[in-house]
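Please consult the sequence and the model below alongside the text.

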Amino acid sequence: MARYKESTCRLCRREGMKLFLKGDRCYSDKCAVARRSYAPGQHGQARKKLSEYGLQLREKQKARRIYGIMERQFSNYFEKAERMKGVTGENLLILLERRLDNVVYRLGFADSRAQARMLVRHGHFTVNGHKVNIPSYLVRPGDVIAVREKSKESPLFKEIAAAAAHRTVPAWLKSDPAALEGHVFALPTREQIDVPVQEHLIVELYSR
């Protein structure tokens, strides 16, 4: 599967804001956006006025980069959101929030979505007692996400358990850091999704 292999910090600089792609580093003085708040590249410091299309494209790219997915997969999510009942833009964000790698991150069991994706890929998590190593797996209300028993004793997950105890979890999830276990109470609502994305611009882009 294709994946982005270049500098992650360039993505935040390109969008002109912190996308929190590198966990704790994004909160430190080492954050690239804090040090160089202009776009990367030779002409990054030039002031450019975006067209309507440019604004729509930037919102789509921002959402794609926050959740760490490639273009084709993002397009597939949009097509699925269109077929669902309700508002297409909100459906899109709800689908992205339901991804297993995102839920692991939201529960506080990873510093970033990228780390969550890696941990899921390596088979460290179960859903309802069954090992799932597919980051794009969509969770449902009632699902129980837990760290596998053999993984709980590793130094990494002991650090994660300590850090998770101090993290805020969205209302649609419940985290038990001591047990390294989380529960999905319900599907998230738009008000519970705190990503800085104007989803209506993404809908307008795909409606062209």
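## Helix 7 and its surroundings

Gly123, with a positive phi near 80°, follows helix 7. Helices (H or I, at least four residues) and strands (E, at least two) are DSSP runs, numbered from the N terminus. The model is predicted: local features need pLDDT of at least 70 and side-chain atom pairs count only at pLDDT 80 or more, whereas totals for chains, interfaces and linings use all residues. Residues are numbered from 1 along each chain as its sequence is written, and side-chain values use heavy atoms, with hydrogens and water left out.

Helix 7 spans residues 113–121, and its buried residues are Arg113, Gln115, Ala116, Arg117, Leu119 and Val120. Buried means under 20% relative accessible area, exposed over 50%, and partly exposed in between (1.4 Å probe, protein chains only). The cover over these residues includes helix 3 (52–67), helix 5 (88–97), helix 6 (100–106), strand 1 (125–127) and helix 8 (155–164).

## Overall composition and confidence

The protein contains 9 helices and 5 strands, which follow one another along the sequence as α-α-α-α-α-α-α-β-β-β-α-β-β-α. Of its 208 residues, 46% are buried. Among contacts (heavy atoms within 4.5 Å) with a separation of 6 or more, 56% join residues 24 or more positions apart. The protein exposes about 11,900 Å², of which carbon and sulfur atoms supply 49%; accessible areas come from the Shrake-Rupley method with a 1.4 Å probe, and for residues only the protein chains shown count as cover.

The mean pLDDT (the predictor's confidence in each residue, from 0 to 100) is 85 for the protein, and 77% of the residues reach 70 or more. Confidence is lowest in helix 2 (residues 32–35), with a mean of 53, and highest in strand 3, at 98.

The 5 strands form an open sheet in the order 2-1-3-5-4, with antiparallel pairing. Two strands pair if DSSP finds at least two bridges between them. Strand 2 (130–131) and strand 4 (173–176) are the edge strands, each pairing on one side only.

Strand 1 pairs with strand 2 over 2 bridges in the antiparallel sense, and Val127 has His130 of strand 2 as its bridge partner. Strand 1 also pairs with strand 3 over 3 antiparallel bridges, where Phe125 stands opposite Val147. Strand 3 in turn pairs with strand 5 (residues 181–184), again antiparallel and over 3 bridges; here Ala146 is bridged to Glu181.

## Nonpolar cores

A nonpolar core is a set of buried Ala, Val, Leu, Ile, Met, Phe, Trp, Tyr and Cys residues joined through side-chain atoms within 4.5 Å. The largest one has 24 residues, of which Leu100, Val104, Phe109, Phe125 and Ile145 touch the most other members. At least two residues of this core come from each of helix 6, helix 7, strand 1, strand 3 (144–147) and helix 8. A second, separate core has 18 residues, including Ile66, Leu93, Ile193 and Val195.

Ile145 illustrates the packing. Beyond residues up to four places away in sequence, Ile145 touches Leu100, Val103, Val104, Leu107, Phe125, Thr126, Val127, Val139, Leu180, Glu181, Gly182 and Val184.

## Helix 9 and Glu199

Helix 9 (residues 199–206) includes Glu199. Its buried residues are Glu199, Leu201, Ile202 and Leu205. Seen down the axis of helix 9, they fall within an arc of 155°, so they line one face of the helix; the arc is that of the directions from the helix axis to the C-beta atoms. Cover over the buried residues of helix 9 includes helix 3, helix 4 (71–83) and helix 5.

Glu199 counts as buried because its relative accessibility is 14%. Apart from neighbours within four places in sequence, Glu199 is in contact with Gly89, Glu90, Leu93 and Arg190.

Most residues other than glycine have a negative phi. Asn128, which is not a glycine, has a positive phi of about 55°. Asn128 lies in the loop between strand 1 and strand 2 and is partly exposed, with a relative accessible area of 40%.

Leu180 likewise has a positive phi, near 50°, and is found in the loop between strand 4 and strand 5. Leu180 is buried, with a relative accessible area of 4%.
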